[in-house]
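Reader: I would like a close look at a single part of this model. Please take the ligand site and keep it brisk.

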Amino acid sequence: MTTPVNSRRWTNWGLNQESVADVLTPGSVDEVATQVKQAGDSGRRVKVVGSGHSFTSIAVADDQRMYVHRLNHLISVDGPLVTVQAGMTLSALNRVLAENDLAMPNLGDIDAQTVAGAVSTGTHGTGIGHATLASCVESLTMVTADGTIRRYTAASPEFPAVRLGLGALGVIVEVTLRCVPAFTLLAEERPMTLPDMLAGLDEWIPQDDHVEFFWYPYTDRGQLKRNRRVELDDRPLSRFRGWLDDEFLSNTVWQGVCSLGRRVPGTVPALNGIAARALSARSYTGRSHEVFCTSRRVKFTEMEYEVPRAALPEVLAAITRIFEELPFRVQFPVEVRFTGPDDVWLSHGHGRESAYIAAHQYLGAPYEPYFRALEAVCTPLGGRPHWGKLHYRDAESLRPAYPRFDDFLAVRNELDPRRVFTNEYLTRVLGS
Ligand SMILES: Cc1cc2nc3c(=O)[nH]c(=O)nc-3n(C[C@H](O)[C@H](O)[C@H](O)COP(=O)(O)OP(=O)(O)OC[C@H]3O[C@@H](n4cnc5c(N)ncnc54)[C@H](O)[C@@H]3O)c2cc1C
């Protein structure tokens, strides 16, 4: 096969996906429309890529790869409704919102994703009063397969599909987000045993705005994180403590620990025991986005499963058994988060309170038997895999997990009948 002249190689953040494809870099919405129309007319495909932070092959282009990073401007601020171009990163969005005394009501762990990429895969943080970032989308503008620029609002029948469209429905060019007045969080983090954390959840989840915990494999220990909205930003983290915990220990030291564990797998349980015991308590205040998001420089691969909240203890008990049976060691902690229901058709939290269980392995360490075993536990519980994190499900197996799955497919047939926006991943999870 000959390689087209303007083709370029791409890899995702996790370095587990790559592709070579022709590159499109539109600088305006009209250019997006022209390039999409040309692709449709000539029987070619277009895959938009955001920041490449998905672990699945959802952003892998096999024909033309469109970057929308030049569409990264603020369009308007109208009270709490903020309209931005879709290629803006969450970190840039957070800066723009702060300048306008606004904030996103909730965020995930990092801020490197683009607004469109984050919304399109169901990116979420933690907090029972919150759902995926897609639930904050008030309206959006998208270029569909025939090159038409369409605006979707709550009044549009397609709205529950296009808010979280997996990149399968069109190229999002503008997003209006419902934001909230800027707020301060009090973060309280403390090491605890797993049984104590599980015992306290029913009390903390409704009481605190954002609750999550990390659990270290081969130990019964972890770190509980509770973030609460407060009026005063009176306990800022010292620069040194912030650097020590979030940069030095979480990145530099953790990188060394992980590479030792990968080289000498037998040391992993002891290393995890030391890591879990080295955890310390801290309490500080900060602006919301600075508390939610940290830098993640140690590379890993990840699976994240959403299950009905009540199923969490069963899943964690099964993971303990999985650790014992795996032919390799698991070093990264398991992360557990909680969200409330929404009505977005392909949202993991559609119609129910959720627990999210995230499994990670250090870059280059084996993971597939671990992830498959976790999936085998979560699937019969009605579990829904994060669209941007590794999983092995296909359309047939996903249909029963999403009550509005076929409605989503009908919108896809209407907006992209010739599958201009498809790729191998979308064919697997949505069907051809
Ligand atoms: C270190 C790390 C931490 C993470 N933390 C979290 C977390 O806390 N919570 C969470 O839920 N997830 C998390 N993720 C997953 C991540 O948020 C999602 O995979 C997200 O989709 C990545 O955004 P992106 O801009 O990189 O999109 P990409 O991965 O590049 O693309 C994802 C999908 O969006 C589509 N897309 C992108 N732009 C457009 C557009 N303009 N129009 C239409 N479709 C578009 C792509 O075609 C593709 O289908 C994390 C990932 C990493 C690597």
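Which polar side-chain atom lies 2.8 Å from an oxygen atom of the ligand?

Author: A polar side-chain atom of T123 does, at 2.8 Å from a ligand oxygen atom. This is a polar contact (a pair of N or O atoms within 3.5 Å). The model is predicted: local features need pLDDT of at least 70, side-chain atom pairs count only at pLDDT 80 or more, and totals for chains, interfaces and linings use all residues. Residues are numbered from 1 along each chain as its sequence is written, and side-chain values use heavy atoms, with hydrogens and water left out.

An N or O atom in the side chain of T114 is 2.8 Å from an oxygen atom of the ligand. A polar backbone atom of D109 is 2.8 Å from an oxygen atom of the ligand. The protein covers 99% of the 970 Å² of accessible area that the ligand has on its own (Shrake-Rupley method, 1.4 Å probe).

Now the shell. The ligand is surrounded by 35 residues (one of their heavy atoms lies within 4 Å of it). The closest are V48, G50, H53, S54 and T121. By type, 14 residues of the shell are nonpolar, 17 polar and four charged. Asp, Glu, Lys and Arg count as charged; Ala, Val, Leu, Ile, Met, Phe, Trp, Tyr, Cys and Pro count as nonpolar; the others, Gly among them, are polar.

Next, the elements (DSSP runs; helices are H or I of at least four residues, strands E of at least two, numbered from the N terminus). At least two shell residues come from each of β3 (46-49), α3 (115-121) and β10 (171-178). Helix α3 gives the largest share, five residues.

Key:
Polar contact = N/O pair within 3.5 Å; in protein donor to acceptor, adjacent residues only side chain to side chain.
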